[in-house]
Amino acid sequence: MTETGSTGLRDYGTEGLRDCGTKNDRDQVRDMGKTMKLPESAMQDLAFKALDSFRIEIPSWGFADTGTRFGKFVQAAAATTIEEKFADAGEVNRLTGVTPTVALHVLWDLPNGVKDVAEVKELEKRFGVKSGAINPNLFQDQEYKYGSLCNPSAEIRQKALEHMLDSIEIAKALGSRDISLWMPDGSNYPGTQSIRKRIGWLEEALRVSHDHMAHYQRLLVEYKPFEPAFYHTDIADWGMSSHFARAAGPQARVLVDTGHHYSAQNIEQIVAWLLHTNMLGGFHFNDRRYADDDLTLGSIDPYQIFRIFHEIHAATDDGLGIDIAYMIDQSHNLKGKIEAMVQTVVTAQELYLKAALVDRKQLAGLQQSCDLVAAEELYRGTFWTDVRPLTRAWREARGLPADPLAELRASGYVERAAKERGSRSSAVSSYA
Ligand code: LRH
Ligand code: MN
């Protein structure tokens with residue numbers, strides 16, 4: 001869901017803290033206020049305003065059985081049909097209240113293209129969640145061995161372009177704003193492909209795709225440094241993605257997948273650059289220890305996401321045009337898929353709120369006077385803040401379960417899904 005101030009689907013009232021949350025929560029918030037020299041009501045307003053504006057999109061593929069090249073561990077409750085994916089997305093939105101849209105991958109969720117739109121629209125109504133970003137699949141067809149939009153064969157590039165245009169038509173039919181493009185195109189050995197020719201072919205394809213979009217739509221260009229290509233990747237970093245987006249047209253932006261960086265890269269600096277150049281269109285949130293591990297957000301480096309959100313809150317203060325699609329992109333190979341999704345949404349809310357509570361005016365002063373330790377203590381000190389009493393109170397004030405994970409467990413939803421879906425699943429080794 002975009003952060004453009006209009007929460008769209010379900011606006012929340014302004015009930016305050018005074019009449020919700022446990023006594024312990026209220027005490028903790030009062031103490032938080034003291035440390036942050038903010039009267040309790042002001043901090044509560046700040047927190048509730050931040051949480052009211054935060055929405056995050058969930059990926060349909062996060063509910064399906066996924067694995068690594070060494071195997072896939074199937075889960076009885078995993079979703080395989082588009083109906084089950086919408087049902088699970090609806091359950092996550094019932095529990096959290098902040099995931100009103102679900103991202104779709106064209107060949108996985110609409111294998112018959114626009115012909116599947118009517119069924120998806122019916123599912124949207126039934127489960128109360130809308131289709132979000134539309135993701136073309138340019139990575140599974142045999143023809144794409146040497147690339148899709150960058151393939152040396154003009155015929156194969158044309159096939160890939162037609163899939164892009166079909167994906168845009170599906171987005172128009174669903175009223176989806178964003179077409180979110182990731183493609184694995186690249187090569188594995190030096191000298192085996194012309195890197196510059198491939199740049200030209202991709203510029204052309206993205207220009208045609210851009211011009212095929214409706215005026216309200218956006219093309220989000222996702223970069224990734226490697227995998228599955230292991231010598232060069234055609235859209236390998238934020239600079240290349242920015243160039244391709246600019247070359248495509250004014251409705252194209254950069255998508256930052258937090259897992260698509262070398263471990264030494266400073267991701268919040270890249271975010272600051274994309275905000276400064278007005279090229280930031282959205283995020284795919286996940287976490288990683290090594291490469292594109294697609295682990296759950298905040299499981300390895302929660303401070304990383306706090307630093308990213310800080311850049312966004314600070315840019316908002318400075319009046320920069322903020323139009324960001326927050327999306328999750330994870331593959332839950334071992335954790336229960338719905339549980340992992342709810343855990344991720346709750347973690348994202350907490351990290352977004354922590355960053356919102358940074359006293360950025362005071363910080364700016366300390367940055368200006370180069371009072372390094374005081375600046376760090378203020379900045380990192382806010383990260384240490386336990387905001388869970390506030391998020392619990394906000395949920396109660398908005399008629400939502402104070403603890404979505406506990407509510408999921410109490411609901412028996414996963415057990416019911418496992419019973420209904422379980423008989424189908426059988427072990428699959430990806431190497432086959
Ligand atoms: C590629 C990626 C991309 C999706 C896929 C599921 O690594 O991040 O965003 O298409 O994961
Ligand atoms: Mn991604």
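H284 is buried, with a relative accessible area of 3%; the cut-off for calling a residue buried is under 20%.

Let's look at what surrounds H284. Setting aside neighbours within four places in sequence, its contacts include N135, S180, L255, V256, T258 and M327, as well as E222, D257 and D329. With E222 there is also a polar contact, side chain to side chain, at 3.3 Å.

Now turn to the metal. Which protein residues are the donors of the manganese ion (ligand 2)? They are E222 (OE), D257 (OD), H284 (ND1) and D329 (OD), and they lie 2.1 to 2.2 Å from the ion. Around the manganese ion (ligand 2), the six donor atoms subtend angles of 72 to 168 degrees, so the arrangement is octahedral. If you trace the donor residues along the sequence, you will find the spacing E-x34-D-x26-H-x44-D. Because D257 sits in strand β8 (residues 252-257) and D329 in the loop between β10 (325-328) and α11 (337-356), this pair ties together parts that are 72 residues apart in sequence. Both D257 and D329 are buried.

Finally, a word on confidence. The protein has a mean pLDDT of 92, with 91% of its residues reaching 70 or more. Residues 1-17, however, have pLDDT below 50, although the model gives this stretch 50 contacts beyond near neighbours in sequence. Where pLDDT is low, the predicted coordinates should not be read in detail.

Technical notes: Residues numbered from 1 in each chain as written. Chains lettered and ligands numbered in written order. Predicted model: local features only at pLDDT ≥ 70, side-chain atom pairs only at ≥ 80, totals over all residues. Heavy atoms only, no water. Donors = N, O, S within 2.8 Å, 3.2 Å for Na, K, Ca; no water. Tetrahedral: all angles 85-135°; square planar, octahedral: opposite > 155°, others 65-115°. Helix = DSSP H or I, 4+ residues; strand = E, 2+ residues; numbered from the N terminus. Buried < 20%, exposed > 50% of the residue type's maximum accessible area, 1.4 Å probe, protein only. Polar contact = N/O pair within 3.5 Å; in protein donor to acceptor, adjacent residues only side chain to side chain. Contact = heavy atoms within 4.5 Å. pLDDT = per-residue confidence, 0-100.
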